[in-house]
Amino acid sequence: MARLRLPGSAWQVLFLLATTSCRYGGRDVRLSLQEIATKTGLPSRTVKAAVADLLARGLISRPTRCRRIAVSLVPRPAACVVPAED
């Protein structure tokens, strides 16, 4: 991830999306642009530009229109889930 050379706002958005995806077992993130703006503290227009940049770079994708965002950098469920302790 360190080699991506993203602007600060794109880093904030990508970090939020990646950590949210990992928290939910690698599944798609279900956040609106306004929710992302609220959680990052960035203006809505900045979030919109950051999401467009991340989409153009192929780091995230939008499988459907309904607030779903898939993060390409996050491995699918098996790698994100922390093993349970016995």
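**Exercise 1. State what covers the buried residues of helix H3, and work out how those residues are arranged around the helix.**

Solution. Helix H1 (8–23), helix H2 (33–40) and strand S2 are included in what covers the buried residues of H3, where a contact means heavy atoms within 4.5 Å. The model is a predicted one, in which local features need pLDDT of at least 70 and side-chain atom pairs count only at pLDDT 80 or more, whereas totals for chains, interfaces and linings use all residues. Residues are numbered from 1 along each chain as its sequence is written, and side-chain values use heavy atoms, with hydrogens and water left out.

The next step is to name the residues concerned, which in H3 are Val 47, Ala 50, Val 51 and Leu 54; buried means under 20% relative accessible area, exposed over 50%, and partly exposed in between, with a 1.4 Å probe and protein chains only.

**Exercise 2. Check the span of helix H3 against what its residue count should give, and say what follows the helix.**

Solution. Helices (H or I, at least four residues) and strands (E, at least two) are DSSP runs, numbered from the N terminus, and H3 takes in residues 44–57, which are 14 residues. At 1.5 Å a residue, H3 should span 20 Å, the expected span being 1.5 Å times one less than the number of residues. The end C-alpha atoms of H3 are 20 Å apart, which agrees. Just after H3, Gly 58 takes a positive phi of about 80 degrees.

**Exercise 3. Carry out the face analysis for helix H2.**

Solution. The buried residues of H2 are Ile 36, Ala 37 and Thr 40. Seen down the axis of H2, these residues fall within an arc of 100 degrees, so they line one face of the helix. Thr 38 and Lys 39, on the other side of H2, are exposed, while the cover over the buried residues of H2 includes H1, H3 and S3. Just after H2, Gly 41 takes a positive phi of about 80 degrees.

**Exercise 4. List the salt bridges and describe where each one sits.**

Solution. A salt bridge is a side-chain nitrogen of Lys or Arg within 4 Å of a carboxyl oxygen of Asp or Glu, and the structure holds two of them. One joins Arg 68 to Asp 28, with the closest N and O atoms 2.3 Å apart. Since Arg 68 lies in strand S3 and Asp 28 in the loop between H1 and strand S1 (29–30), the pair ties together parts that are 40 residues apart in sequence. Arg 68 is partly exposed, with a relative accessible area of 22%.

The other salt bridge joins Asp 53 to Arg 57, with the closest N and O atoms 3.0 Å apart. Because Asp 53 and Arg 57 are four residues apart in helix H3, about one helical turn separates them. Asp 53 is partly exposed at a relative accessible area of 22%, and Arg 57 also counts as partly exposed, at 42% relative accessibility.

**Exercise 5. Locate Arg 67 and Leu 59, and find which residue pairs bring separate sequence positions together.**

Solution. Arg 67 is placed in the loop between strand S2 (60–61) and strand S3 (68–71), and at 40% relative accessibility Arg 67 counts as partly exposed. The C-alpha atoms of Arg 67 and Leu 31 are 5.4 Å apart, although the two are 36 residues apart in sequence. When residues up to four places away in sequence are not counted, Arg 67 touches Val 29, Arg 30, Leu 31, Ser 32, Glu 35 and Arg 62.

Leu 59 lies in the loop between H3 and S2 and is buried, with a relative accessible area of 9%. Leu 59 and Ser 72, 13 residues apart in sequence, are 5.1 Å apart from C-alpha to C-alpha.

Terms used: Arc of directions from axis to C-beta.
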